[in-house]
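Dear colleague,

I am passing on the structure we talked about, together with some notes on what turned up in it. Please have the sequence and the model open beside you as you read.

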Amino acid sequence: MSISNLQLALLAGNFIVSATIVSVPQALIDLSMQNTWIIPPLIFGYIIILINLALWGFKKIDNYQEVWEANNFLAKGTALLILVFLFHILAKDLRTITAFTKHVLLPLTPDFVITMLFVFSILYLAWAGIEVIARFTELYFLYLIGVFTFLPLSLIPQIEFYRFEPVLGFQTIPSILQAVFVGLAPAGELIAFVIVITMVKPIGDAKRSFIIGGAIGMFLLTIIIFSQISVLSSDITRFSLYPSYQLVQQVRLTEFLDRLDLVIVAFYYPSVFAKMAFSLYGIHRCLEIILNQKSKLHLVPLALLTGIVSIAFFKNAMHNYNFEIFTWATLGLMLEILIAFMFALMLWRTRKNQKSSSAEQSAAGQQSPGQSG
């Protein structure tokens with residue numbers, strides 16, 4: 001199983017932005033109002049630091065397969081940490097998209113039914129493997145990039161630049177720092193892709209793919225934030241239930257094409273499924289490393305358990321919002337930094353073991369001629 005660097009970049013970009021646009025832009029705008037446009041570039045700096053920390057000395061490794069196949073305590077501990085990280089991500093994303101679907105599309109359908117439909121959909125994708133998830137993301141996320149880029153162009157008549165005033169100022173620094181802190185954890189979720197980094201071909205450019213994926217995600221987040229502020233205004237956005245969907249409803253091409261929201265949502269759902277499918281696959285991959293055995297049968301109970309937990313832990317959309325914005329901002333950030341540090345430690349240990357093996361082989365090679373003589 002292998003994925004290309006382009007696929008890794010698209011997977012990472014989709015992982016950052018797909019479920020995030022439902023509520024995170026609203027939280028950022030609520031904190032920093034008309035100055036929120038500056039948040040994504042600042043968060044991108046965090047992505048670069050996080051990736052460089054996790055992949056410190058990555059290119060100095062000779063055999064990358066030894067990173068996760070070492071089967072030692074450090075590898076299993078890191079895999080367990082990523083498993084906990086991905087389980088939280090999958091549970092909150094599943095609840096987010098379930099609440100959004102119930103509010104927008106299926107108001108009379110019980111939450112449990114919607115959740116189980118999504119669970120079986122992502123289970124089907126995750127069962128197919130990382131290559132299928134990568135191809136699926138490559139197809140639909142490229143469409144989503146096109147839709148996001150088209151969005152501000154279609155809303156040009158409704159864009160009002162005065163809604164960005166007053167621009168910055170020293171008194172806005174505390175609110176901007178608060179918004180940056182809230183945005184760090186959702187952006188840093190791409191650190192979970194270290195669990196499949198040994199499947200990237202060619203693997204030498206993996207770090208660049210991570211950074212490109214982060215740049216794509218931040219670019220799309222900037223478009224959404226710019227469009228929400230310039231079209232809806234920061235005051236309306238901060239008090240709306242789903243401002244991203246409300247923004248899409250403003251798209252008008254002609255007098256006859258005034259309901260493009262359902263078409264755009266149809267492009268959006270596959271990208272969310274792709275993110276959740278990778279989360280489920282990543283959990284399964286972590287379990288394989290911990291148990292040191294390969295079996296796809298783990299996927300079924302894991303998917304069902306996540307669906308049940310998403311309903312049990314998050315009673316309604318407000319509980320999920322509070323977790324994603326307040327709790328996850330701290331918990332997610334701590335887990336991301338810890339994963340990056342642990343993975344960097346794994347790479348250091350792998351390089352050390354490979355150098356020791358090379359030194360032993362060189363010593364054995366030098367002794368062989370003398371013994372034969």
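From the N terminus on, the elements of the protein chain run α-α-α-α-α-α-α-α-α-α-α-α-α-α, so that, by the definition of helices and strands used here, the secondary structure comes to 14 helices and 0 strands. Please keep in mind that this is a predicted model.

As to overall form, the C-alpha trace spans about 90 × 50 × 35 Å along its principal axes, and the radius of gyration of 22 Å agrees with the value near 21 Å that a compact globule of 373 residues would have. Of the contacts with a separation of 6 or more, 85% are between residues 24 or more positions apart.

Turning to the interior, buried residues make up 55% of the chain, and the largest nonpolar core has 129 residues, with Trp68, Ile191, Phe193, Phe210, Leu280 and Phe343 having the most contacts inside it. Helix α5 (residues 73-104) gives the most to this core, namely 17 residues. Leu280, if its neighbours within four places in sequence are left aside, is in contact with Leu90, Ile122, Leu123, Ala126, Leu299, Leu302 and Ala303.

On the surface, Phe120, Trp127, Leu297, Val300 and Leu304 form a nonpolar patch with about 470 Å² of accessible area together, to which α6 (111-128) and α13 (299-313) each supply at least two residues. Leu297 lies in the loop between α12 (261-291) and α13, and it counts as exposed because its relative accessibility is 62%, where the cut-off for exposed is over 50%.

With best wishes

Technical notes:
Residues are numbered from 1 along each chain as its sequence is written. This is a predicted model: local features need pLDDT of at least 70, side-chain atom pairs count only at pLDDT 80 or more; totals for chains, interfaces and linings use all residues. Side-chain values use heavy atoms; hydrogens and water are left out. Patches are made of residues with over 30% relative accessible area and no salt bridge: like charges are joined within 9 Å, nonpolar side chains (Val, Leu, Ile, Met, Phe, Trp, Tyr) within 5 Å. Accessible areas come from the Shrake-Rupley method with a 1.4 Å probe; for residues, only the protein chains shown count as cover. A salt bridge is a side-chain nitrogen of Lys or Arg within 4 Å of a carboxyl oxygen of Asp or Glu. Helices (H or I, at least four residues) and strands (E, at least two) are DSSP runs, numbered from the N terminus. Buried means under 20% relative accessible area, exposed over 50%, partly exposed in between (1.4 Å probe, protein chains only). A nonpolar core is a set of buried Ala, Val, Leu, Ile, Met, Phe, Trp, Tyr and Cys residues joined through side-chain atoms within 4.5 Å. Contact means heavy atoms within 4.5 Å. The radius of gyration is taken over C-alpha atoms; the globule rule is 2.2 Å times the number of residues to the power 0.38.
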